Amino acid sequence: MRRSTYWMAIVVGVLTGCARPTDTPTPTPGPLGVILPTFTPRATRLPGERTPLPTFTPAPTPTPVVHIVQPGETLIDIAQQYGITLDALQAANGVLTPETLQIGQQLIIPIGSGAQPAPGGGLLLPTPTPVPVTIQGTALYETPAGSVWVLGEVHNPGAASLENTQVRVALLDASGAEVASGNAFTALDVIPANGASPFGVLFVAPPAAVSFTVTVIRAEASPEPGNRYMPIAIASQESALAGLQFKVNGSLVNQGNFNAAGVSVVLTTYDATGRVTGYRQITVGDGTLAAGGAAEFTIDIVPNGPVGSIPDHYVLAAQGRTAQP
């Protein structure tokens with residue numbers, strides 16, 4: 001698993017619906033929050049970009065080593081534990097900076113499958129046959145600095161939740177040859193039935209590429225929510241454009257019978273065609289939430305696309321592990 005299996009857990013609460021962006025709180029909470037704006041941003045694309053079709057038969061890759069981030073660890077500490085460079089660690093995990101590193105986060109370690117993690121870390125072995133899922137909303141964006149983002153989301157069409165969901169993104173040249181690749185876990189640790197979770201891979205200095213592919217390399221059926229993860233629900237939300245930032249304020253509730261830890265909110269934005277234009281994940285407060293308790297949050301993002309534009313719609317999701325006694 002991407003988290004310590006003896007106590008760490010997550011439950012996802014998701015709100016869905018459609019509305020126009022407004023500063024007025026949604027009166028009735030639901031499983032998913034969606035806001036429709038007055039105009040549509042368009043994603044920046046490289047010439048000849050091709051959006052991959054949904055995949056239902058992903059191919060497994062060699063056994064990855066996954067490190068579970070422990071309190072007090074830094075990126076340099078983790079790289080030194082496994083005898084790899086900081087650049088290699090960041091490249092293997094796509095979106096990874098010292099500012100976004102979180103306790104309990106699962107990091108891919110780019111070493112051979114026979115390597116042993118340092119004490120306090122953890123191994124996460126791959127599933128031979130990932131559960132069928134759908135890749136959707138994929139898009140490629142070139143940043144002003146010359147980096148390339150590939151964003152998208154994994155949709156769970158099944159009747160059970162999924163966890164440990166991981167994708168591989170590859171950049172292709174004009175001949176279809178692979179020129180770069182990177183792996184990433186989905187933002188949500190548990191994807192509910194008929195739910196979705198965003199992912200992103202950043203290529204800092206990519207070679208010339210005109211298209212990309214996304215393949216699922218992990219996806220495991222999960223019995224959650226109910227044991228390791230607490231059900232965290234979005235209770236209210238409101239959105240507004242503040243300068244270049246799209247901001248959402250809201251509140252969430254721990255609907256479980258136990259305290260929750262690692263409580264976070266994920267905001268995903270989309271254009272009019274359903275492509276992911278950006279996502280952001282934040283820890284709510286100190287990350288803890290008592291059973292039956294509520295907490296407020298503010299999350300903002302600068303979506304990819306025309307400067308100053310707002311998303312066509314967005315989705316909020318919350319998650320939290322069962323707190324250790």
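In this predicted model, R168 has a relative accessible area of 25% and is therefore partly exposed, since that class lies between the buried limit of 20% and the exposed limit of 50%. The residue takes part in a salt bridge with E178, in which the closest N and O atoms are 2.6 Å apart. This pair links distant parts of the chain, with R168 in strand β6 and E178 in strand β7 (residues 178–185), 10 residues apart. E178 is likewise partly exposed, because its relative accessibility is 43%.

E163 counts as buried because its relative accessibility is 4%. R228, at 13%, counts as buried for the corresponding reason, the limit being 20%. A further salt bridge, with an N to O distance of 3.1 Å, connects R275 and D271, and both of these residues are buried. Salt bridges with shared partners join E163, E224 and R228 into one network. The model contains six salt bridges by the rule applied. As a general principle, side chains of opposite charge can pair when their charged atoms come close.

The largest nonpolar core comprises 21 residues, of which V150, L171, F203 and V214 touch the most other members. Two or more residues of this core come from each of β4 (134–142), β5 (148–155), β6, β7, β9 (196–203) and β10. What surrounds F203 beyond its neighbours within four places in sequence? Its contacts there are S147, V148, V150, V169, L171, A180, S181 and G182.

Attention now turns to a sheet of three strands. These strands form an open, antiparallel sheet in the order β11-β12-β15. Because β11 and β15 (294–301) stand at the edges with a single partner strand each, one side of each is left without a neighbour in the sheet. From one strand to the next, the twist averages 20°. The antiparallel strands β12 (residues 245–254) and β15 are joined by eight bridges. V253, for instance, has A294 in β15 as its bridge partner. In general, the strands of a sheet pair through backbone hydrogen bonds, either parallel or antiparallel.

Just after α1, G83 adopts a positive phi of about 70°.

Methods: Residues numbered from 1 in each chain as written. Predicted model: local features only at pLDDT ≥ 70, side-chain atom pairs only at ≥ 80, totals over all residues. Heavy atoms only, no water. Salt bridge = Lys/Arg side-chain N within 4 Å of Asp/Glu carboxyl O. Buried < 20%, exposed > 50% of the residue type's maximum accessible area, 1.4 Å probe, protein only. Helix = DSSP H or I, 4+ residues; strand = E, 2+ residues; numbered from the N terminus. Pairing = 2+ DSSP bridges. Axes fitted to C-alpha atoms, helices over the stretch in contact; angles between N-to-C directions. Core = buried A, V, L, I, M, F, W, Y, C linked by side-chain atoms within 4.5 Å. Contact = heavy atoms within 4.5 Å.
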